[in-house]
Amino acid sequence: MLKGKHIVLGITGGIAAYKSVTLLRLLVKRGAEVQVVITPSGKEFITPVTLSALSGKPVICDFFTANTGEWHSHVDIGLWADAMVIAPATACTIGKMAHGIADNMLVTTYLSAKAPVFVAPAMDLDMMAHPSTTANLALLRSYGNHIIEPAEGELASHLTGRGRMEEPERIVEVLDEFFSRKQPLAGKKVLVTAGPTYERIDPVRFIGNFSTGKMGYAIADAAARMGAEVTLVSGPVSVKASEKGVTTEHVESAREMLASCQKAWPETDIAIMCAAVADYAPANPSGTKIKREGNEPPQITLVKNPDIAATLGAEKRPGQILVGFALETDSEESNAVKKLHSKNLDMIVLNSLRDPQAGFGTDTNKITIFRQGAEPLRFPVKSKREVAVDILDEIIKLH
Ligand code: C5P
């Protein structure tokens, strides 16, 4: 599975750097193209000459080559990669990655990488056990990075404990397993709505809400990573989808969102309605700016917006899956269950505005999933990226 894969191998300054040579050889043997990026202290442990000879590419350490001024683009390397592996990853580099301290080529490349990242820590047992290391690794996990846990064994200090970098053969196996993992949504068409809708009052004003689109965009990206062809119908937001498999259609109002969804729905296998659609829109939006001078405050008559989820639910054919969201402030569970039935959904994801770590604008969410005829599934607080995967895993079980 590694044949032809573009792997960025990040090497940092630890004794285990000698094992990176074997790792590089094994990756190349399996047919991967490897670009080594090394930290300045990594070079104290292993020479770039060995690494460039084995990879067949110049090793990158600095932002530019001193004598020619040639610029090394961390963005290009980050985009080129199908995977990035940091082995060994020292406590220092793990800390910098966790906190975005981009003072070398390796960490800047990490921050630019769109591909999955694998981190193989290597350090002495006390450093490994320190709460700071534990917290930093937890942060990396929350960003979706894969931690290749260190083994127990004899360490460079001659002490014995946990902190030994995993053997190169095992790291290659982890990568191989990752690439050969079946993409569970391959061949599926997924429709996602995200963000708020804006309902015009006049050319400069609208009725909207605080939705930022983060949850819907995380779901669209996660579905694409699982192999789906994703149509993301998005209200006005400032976030962007990062996966190639996502086609974004930008809309403004609920009516526009409905039109895009109805167009896509007949061909869709799974629709996930994450948008915070305005319930009402001004009946007669003014074509010109409503003036303040001398006028009485305007009376704005509202009309009901179409319910997009319920419209798709009414048109649902066997085999299609429709998932809704419920953002509630009170009677959360009973309201969510009511919507599951009234909109003909297969699943509804509840997040409560009472929970400070859930809802609008946060990077985390805490959800409960309700399905037809099944017990609710309650999840702990997680990053929206992880929540997206949990939701899709449950949808896959329904399919
Ligand atoms: O009824 P309520 O707005 O709470 O329902 C929330 C669910 O219905 C969400 O999945 C939301 O995206 C969807 N919805 C919709 N069109 C509306 C209102 C809500 O698709 N007009």
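In this predicted model, the ligand is surrounded by Met-273, Ala-275, Val-277, Pro-306, Asp-307, Ile-308, Ala-309, Gly-324, Phe-325, Lys-339 and Lys-343.

| Residue | Part of the residue | Distance to a ligand oxygen atom |
|---|---|---|
| Ala-309 | backbone N or O atom | 2.8 Å |
| Phe-325 | polar backbone atom | 2.7 Å |
| Lys-339 | side-chain N or O atom | 2.4 Å |

On its own, the ligand has 440 Å² of accessible area, and the protein covers 85% of this.

Another lysine, Lys-19, belongs to helix α1, which spans residues 17–29. Is Lys-19 buried or exposed? Its relative accessibility is 6%, and because buried means under 20%, Lys-19 counts as buried. A polar atom of the Lys-19 side chain lies 2.8 Å from the backbone oxygen of Met-165. Apart from neighbours within four places in sequence, Lys-19 is in contact with Arg-164, Met-165, Glu-166, Glu-167 and Pro-168.

The surface also carries a nonpolar patch, formed by Phe-210, Leu-327, Leu-353 and Phe-360. Together these residues have about 390 Å² of accessible area. Phe-360, one of the patch residues, sits in the loop between β17 (347–352) and β18 (364–365). The relative accessible area of Phe-360 is 32%, so this residue is partly exposed.

Key: Residues numbered from 1 in each chain as written. Predicted model: local features only at pLDDT ≥ 70, side-chain atom pairs only at ≥ 80, totals over all residues. Heavy atoms only, no water. Patch = residues over 30% accessible without salt bridge, like charges linked within 9 Å, V, L, I, M, F, W, Y side chains within 5 Å. Areas by Shrake-Rupley, 256 points an atom, 1.4 Å probe, with all protein chains shown as cover. Salt bridge = Lys/Arg side-chain N within 4 Å of Asp/Glu carboxyl O. Helix = DSSP H or I, 4+ residues; strand = E, 2+ residues; numbered from the N terminus. Buried < 20%, exposed > 50% of the residue type's maximum accessible area, 1.4 Å probe, protein only. Polar contact = N/O pair within 3.5 Å; in protein donor to acceptor, adjacent residues only side chain to side chain. Contact = heavy atoms within 4.5 Å. Near = heavy atom within 4 Å.
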